[in-house]
Amino acid sequence: MGKPSVRIGLLGLGTVGTGVARILTTHRDELDRKAGTRLELARVAVKDAKKAREVDLPPGLLTEDALGVIKDPSIDLVVELIGGIHPARLLVLEAIKARKHVVTANKALLAEHWSEIVSAARSAGVEVYFEAAVGGGIPIIQSLSEGLAANRIEAIYGIVNGTSNYILTRMDKDKKTFAEALKEAQKKGYAEADPALDVGGGDAAHKLVVLSSLAFDTAVPFGRVHVEGIEELTPQDFAYAREEFGYVVKLLAIAKREEDGLEVRVHPTLLPETHLLADVEGAYNAIFVVGDAVGSAMFYGLGAGQMPTASAVVSDVLYVARSIAYDVAGRAGWGPFGDIPSSAPALPIRPIADLTCRYYLRLSVLDHPGVLAAIAHLLGEHGVSIAAVVQKERAKGDRVPLVILTYEAKERDMRHALEKIEALPAVKGKTMLLRVERGE
Ligand code: NDP
Ligand code: HSE
């Protein structure tokens, strides 16, 4: 017979916390049966206890003293849903120190303080679960740490930011500009008032650190992820990519094992329109995983929102509660971390200059004799071979977009060639450079 109840201390009752409280109170009997113990929402810490709430809680549950919840000896499990680094980092570390098992959805905290949290959890012998940190309701963390554990993961390609995927979908389908599509995303409640982390690629990079650290059994430093956002894309890039070359443009979070290390990068990417990820539209997320035994597998669903995210949090709560109830929590590992960082040798992170891939270039050039030849010459001189060129007859003025698709080349060589190309008097403004991936 296990422990009759597991007492939960919830930190944060905002979008996700409210969803969690709702599931814990409405699905009570089923959850208790699945956990083999009673899941008791014992304390809920918020910033402002006087604020009106969207969920009915028994009186006396709310407090503004998050540290008090952590230190309460009757609390078995702390669920951190405050978000951000401060005070979430200190609270999570305090919870671990107090030997409380932790569930969190905080991808920023995990990505920026992965090693600190992993080693604190290891020394305290507590479990830290974070299913909701990537892909909202998609069970990708359990899938990587358990369902696909037999595999040596070769690559991960993720559409892990719903806001930017929504914007890219509108730019592609409705020919909207970035600014118009962003405004629409904000109106529909997808994008934050300050959407910099979403459209700049930072949020996807946080999620990539979590995914790749787990999948490749190494601690990927956040600062080593190459990050580019979607702000510079224009509707014409979508039109050229799709109509001329058969590609879609997606913000991909990519982690790939190469012989000499790991590639970790987030950037807008041309992906064949026949690829499964190409059909992931709007605010949906998907993670495409390549393992040596399983082959390719794709996980698809809602990457954000109150109830999808709460679904992932509560599944973690249930999992840990069951372990606590039967007194096995922390005995066979530290949650999805496994034994990281004890025995696995750290994988070197490859600099972006070492990347080899195909490229899409959109240049703005003067429509004069010899311009195309000069650009082709500079590319050739740097070992970059042209696969296709599109230049439409000019309608007005003397500038035209010149779009080039290359064969595979080293990024270092491509950058050197571009520097020289952009110095040509006939080349105007900055070139749009996008990487092309086959996603396999
Ligand atoms: P919200 O901003 O909606 O909620 C934050 C909550 O934290 C509020 O209830 C706030 O209290 C409380 N809070 C803030 N400071 C303190 C403090 N010092 N002590 C106690 N409570 C405090 O955040 P979300 O619910 O959107 O996000 C929570 C986490 O989930 C984040 O890590 C986020 O990245 C992650 N996540 C969110 C998703 C989403 O769709 N929203 C999707 C996936 C992950 P009060 O209510 O009084 O202001
Ligand atoms: N801002 C994030 C997104 C929320 O758009 O996907 C989920 O992490």
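Mentor: Two strands count as paired when DSSP finds at least two bridges between them. Keep that in mind for this predicted model. Strand 7 and strand 9 (residues 247-258) pass the test with four bridges, in the antiparallel sense.

Trainee: Which residue of strand 9 does Ala155 stand opposite?

Mentor: Lys256 in strand 9.

Trainee: How many bridges join strand 7 to strand 11?

Mentor: Six, and strands 7 and 11 run antiparallel. Strand 11 spans residues 284-291. There, Ile287 is the bridge partner of Gly158.

Trainee: Is strand 7 mostly covered or mostly open?

Mentor: Read burial from relative accessible area; under 20% is buried. Strand 7 covers residues 153-159, and six of its seven residues are buried. Glu154 has 25% relative accessibility, so Glu154 counts as partly exposed.

Trainee: Which side chain does Glu154 meet in a salt bridge?

Mentor: The side chain of Arg257, at 4.0 Å from N to O. Arg257 sits in strand 9 and Glu154 in strand 7, so this pair ties together parts 103 residues apart in sequence.

Trainee: How many salt bridges does the structure hold?

Mentor: The structure holds 28. Take one within a helix. Asp174 and Arg170 form a salt bridge, 2.6 Å from N to O.

Trainee: Why do residues three or four places apart point the same way in an α-helix?

Mentor: An α-helix has 3.6 residues a turn, so residues at that spacing point the same way. Now the case here. Both Asp174 and Arg170 belong to helix 8 (residues 162-174). They are four residues apart, about one turn of the helix.

Trainee: Are Asp174 and Arg170 buried or exposed?

Mentor: Compare each with the cut-offs. Asp174 has a relative accessible area of 38%, so Asp174 is partly exposed. Arg170 is at 17%, so Arg170 counts as buried.

Trainee: What is the distance between the closest N and O atoms of Glu263 and Arg265?

Mentor: 2.9 Å, in a salt bridge. Both Glu263 and Arg265 are buried. Salt bridges can also share partners.

Trainee: How many bridges pair strand 5 with strand 6?

Mentor: Two, in the parallel sense. Strand 5 is residues 101-104. Val102 has Val128 in strand 6 as its bridge partner.

Trainee: Which residues of helix 4 are buried?

Mentor: Ala88, Leu91, Val92, Leu93, Ala95 and Ile96. Helix 4 runs over residues 88-97. Arg99 follows helix 4, with a positive phi near 60 degrees.

Trainee: On to ligands. Which residues surround ligand 2?

Mentor: A surrounding residue has a heavy atom within 4 Å. For ligand 2, the list is Lys107, Val160, Asn161, Gly162, Thr163, Asp198, Asp203, Lys207, Gly303 and Ala304. Next, sort out the polar contacts. A side-chain N or O atom of Lys107 is 2.5 Å from an oxygen atom of ligand 2. For a side-chain N or O atom of Asn161, the distance to a ligand 2 oxygen is 3.4 Å. Asp198 has a polar side-chain atom 2.8 Å from a nitrogen atom of ligand 2. Finally, check cover. Alone, ligand 2 exposes 260 Å², and the protein buries 83% of that.

Trainee: How many residues surround ligand 1?

Mentor: There are 22, and the closest are Leu13, Val16, Lys51, Arg53 and Gly305. Thr15 places a backbone N or O atom 2.9 Å from an oxygen atom of ligand 1. Gly305 has a polar backbone atom 2.8 Å from a ligand 1 oxygen. Lys51 uses its side chain: an N or O atom there is 2.7 Å from a ligand 1 oxygen. On its own, ligand 1 has 910 Å² of accessible area, and the protein covers 77% of it.

Trainee: Last one. Which residues form a nonpolar patch on the surface?

Mentor: Patch members need over 30% relative accessible area. Tyr284, Tyr300 and Leu302 form such a patch, with about 280 Å² of accessible area together. Leu302 lies in strand 12 (residues 295-302). Its relative accessible area is 37%, so Leu302 is partly exposed.

Terms used: Residues are numbered from 1 along each chain as its sequence is written. Chains are lettered from A and ligands numbered from 1 in the order in which they are written. This is a predicted model: local features need pLDDT of at least 70, side-chain atom pairs count only at pLDDT 80 or more; totals for chains, interfaces and linings use all residues. Side-chain values use heavy atoms; hydrogens and water are left out. Patches are made of residues with over 30% relative accessible area and no salt bridge: like charges are joined within 9 Å, nonpolar side chains (Val, Leu, Ile, Met, Phe, Trp, Tyr) within 5 Å. Accessible areas come from the Shrake-Rupley method with a 1.4 Å probe; for residues, only the protein chains shown count as cover. Buried means under 20% relative accessible area, exposed over 50%, partly exposed in between (1.4 Å probe, protein chains only). A polar contact is a pair of N or O atoms within 3.5 Å; within protein, one must be able to donate a hydrogen and the other to accept it, and residues adjacent in sequence count only if both atoms are side-chain atoms.
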